[in-house]
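Please consult the sequence and the model shown here alongside the text.

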Amino acid sequence: MDRVSNIVSENPVVIFSKSSCCMSHSIKSLFCDFGVNPAVFELDEIPRGREIEAAMSRLGCNPTVPAVFIGGQFVGGANEVMSLHLKRKLKSMLKEAGALWV
């Protein structure tokens with residue numbers, strides 16, 4: 001959990017993902033379309049990825065990927081991010097976190 005805390009505190013937007021997950025791909029594409037450059041950690045490709053995935057599970061992310069943090073706060077998975085986007089709240093959150101300047 002400490003490693004996750006350090007990662008999310010050092011980056012405005014963090015996505016924990018798996019390279020084979022289509023929902024993770026969709027969320028990463030959404031942020032890139034906004035012009036945001038999130039810190040992406042592919043849990044199936046990095047050392048200790050399973051430990052991070054277990055931490056995501058303890059945070060309540062089910063499924064565990066994608067797990068999105070904005071401004072150091074856990075936002076949720078794909079459903080929560082898409083819901084924020086459809087409610088037109090995602091963009092303001094990204095601006096507030098310093099990830100988007102427009």
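## Basis of the description

A residue is called buried when its relative accessible area is under 20%, exposed when it is over 50%, and partly exposed in between, using a 1.4 Å probe and protein chains only. The model is predicted: local features require a pLDDT of at least 70 and side-chain atom pairs count only at pLDDT 80 or more, while totals for chains, interfaces and linings use all residues. Residues are numbered from 1 along each chain as its sequence is written, and side-chain values use heavy atoms, with hydrogens and water left out.

## Aromatic residues

Rings of Phe, Tyr and Trp (its six-membered ring) are paired if their centres lie within 6.5 Å; planes under 30 degrees apart are stacked, over 60 edge-to-face, and the rest tilted. The count under this rule is 3 aromatic pairs. Phe69 and Phe74 make a tilted pair, with 5.2 Å from centre to centre and 50 degrees between the planes. Phe69 is buried at a relative accessible area of 4%, whereas Phe74 is partly exposed at 31%. One aromatic cluster consists of Phe16, Phe41, Phe69 and Phe74.

## Helix H2

Helices (H or I, at least four residues) and strands (E, at least two) are DSSP runs numbered from the N terminus. Helix H2 covers residues 22–34; at 1.5 Å a residue its 13 residues should span 18 Å, and the 19 Å between its end C-alpha atoms agrees. The expected span is 1.5 Å times one less than the number of residues.

The buried residues of H2 are Ser24, Ile27, Lys28, Leu30 and Phe31. Viewed down the axis of H2, they fall within an arc of 155 degrees and so line one face of the helix; the arc is that of the directions from the helix axis to the C-beta atoms. Cys22, His25 and Asp33 are exposed on the other side of H2. With contact taken as heavy atoms within 4.5 Å, the buried residues of H2 pack against E1, strand E2 (39–42), E3, helix H4 (78–86) and helix H5 (90–96).

## Helix H3

In helix H3 (residues 49–58), Gly49, Ile52, Glu53, Ala55 and Met56 are buried. These residues also fall within an arc of 155 degrees seen down the axis of H3, so they line one face of the helix. Arg50 and Arg58 are exposed on the face turned away from the buried side of H3. The cover over the buried residues of H3 includes helix H1 (2–10), strand E1 (13–17) and strand E3 (67–70). Just after H3, Gly60 adopts a positive phi of about 100 degrees.

## Loops and backbone features

Asn37 lies in the loop between H2 and E2 and is exposed, at 71% relative accessibility. Its C-alpha atom is separated by 9.0 Å from that of Leu100, 63 residues apart along the chain.

The peptide bond from Val65 to Pro66 is cis, with omega near -5 degrees, and Pro66 belongs to the loop between H3 and E3. Arg48, in the loop between E2 and H3, has a positive phi near 65 degrees although it is not glycine. Arg88 is a residue other than glycine with a positive phi near 60 degrees; Arg88 sits in the loop between H4 and H5 and is exposed, with a relative accessible area of 75%.
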